[in-house]
Amino acid sequence: MFAQRLRFNGMVVALILTLIPGLALALSVPDTLPLNSEGTLYESFQFDHAKHIKLIKECSGCHHHTTGTLVEDPNCIRCHRNSGENRVVQCRGCHLADPFSAASLREKSNNPNTYHLDKPGLKGAMHQNCIGCHTKMVKGPIGCTGCHKRKIAGDEFYNTGDFAPKGKPGKGEH
């Protein structure tokens with residue numbers, strides 16, 4: 001009796017797991033997403049999620065994994081092959097906004113199982129993913145202001161716009 005119940009439960013779990021990827025695709029996803037909403041040097045912009053879905057047609061092309069599916073990225077599978085389904089697909093679910101904050105560094109040093117010491121922060125991960133794909137596809141912006149409009153604080157930081165050096169460079173200047 002116990003073996004039959006165990007076999008039945010196993011079949012139910014297997015059926016549910018085969019349906020999950022299809023269910024994950026049916027989840028509602030936003031058409032646009034605000035990115036860089038807390039940026040200090042560049043303004044926030046609306047990422048056209050719907051357009052990218054139509055162009056790429058595969059969520060894992062941008063995301064390492066998708067909700068309701070098992071880990072697919074070959075680099076991740078090395079350790080996470082038995083991790084179960086993913087619950088979070090947002091970049092900020094794994095990539096920290098400030099990877100060098102005291103709290104982040106403390107977390108890395110206190111966890112003996114941490115492998116991802118070189119994992120990029122949120123900004124780095126997004127730029128690597130977006131610019132890498134745009135470069136490979138030879139389509140889409142690859143420069144900073146292709147996506148973001150620079151703020152006044154950004155002009156000041158980069159010595160551009162109203163903050164650009166005036167006049168001709170003198171001796172020893174650039």
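1. Which residues does Phe163 touch, not counting residues up to four places away in sequence? In this predicted model, Phe163 touches Ile152, Asp155 and Glu156, where a contact means heavy atoms within 4.5 Å. Phe163 is placed in the segment after H7, and its C-alpha is 9.8 Å from that of Ala153, a residue ten positions away in sequence. With a relative accessible area of 35%, Phe163 is partly exposed (buried means under 20% relative accessible area, exposed over 50%, and partly exposed in between, with a 1.4 Å probe and protein chains only).

2. On conventions, residues are numbered from 1 along each chain as its sequence is written, and side-chain values use heavy atoms, with hydrogens and water left out. As the model is a predicted one, local features need pLDDT of at least 70 and side-chain atom pairs count only at pLDDT 80 or more, whereas totals for chains, interfaces and linings use all residues.

3. Confidence deserves attention before any detail is read. The average pLDDT (the predictor's confidence in each residue, from 0 to 100) is 78 for the protein, and 74% of the residues score at least 70. The lowest mean, 49, belongs to helix H1 (residues 2–26), while the highest, 96, belongs to helix H7 (residues 152–158). Over residues 17–26 the pLDDT stays under 50, and for this stretch the model has eight contacts beyond four places in sequence.

4. The secondary structure comes to seven helices and two strands, taken as DSSP runs numbered from the N terminus (helices are H or I with at least four residues, strands are E with at least two). From the N terminus on, the order of elements is α-β-β-α-α-α-α-α-α. Of the contacts with a separation of 6 or more, 42% are between residues 24 or more positions apart, and buried residues make up 16% of the 174 residues.

5. The largest nonpolar core consists of five residues, namely Leu35, Phe45, Phe47, Leu122 and Met126; such a core is a set of buried Ala, Val, Leu, Ile, Met, Phe, Trp, Tyr and Cys residues joined through side-chain atoms within 4.5 Å. Strand E2 (45–48) and helix H5 (122–137) are the elements that give two or more residues to this core. Leu35 has contacts that include Phe45, Phe47 and Met126.

6. His148, in the loop between helix H6 (144–147) and H7, is buried at a relative accessible area of 12%, and touches Asn36, Tyr42, Glu43, Phe45 and His127, leaving aside residues up to four places away in sequence. His134, in helix H5, counts as buried at 13% relative accessibility, and His52 and Lys139 are among the residues that His134 touches.

7. The structure holds two aromatic pairs (rings of Phe, Tyr and Trp, the last by its six-membered ring, pair if their centres lie within 6.5 Å; planes under 30 degrees apart count as stacked, over 60 as edge-to-face and the rest as tilted). Tyr42 and Tyr158 form a tilted pair, 6.3 Å centre to centre with 50 degrees between the planes. Because Tyr42 lies in the loop between strand E1 (32–35) and E2 and Tyr158 in helix H7, this pair ties together parts that are 116 residues apart in sequence. Phe157 and Tyr158 form an edge-to-face pair, at 4.9 Å and 90 degrees.
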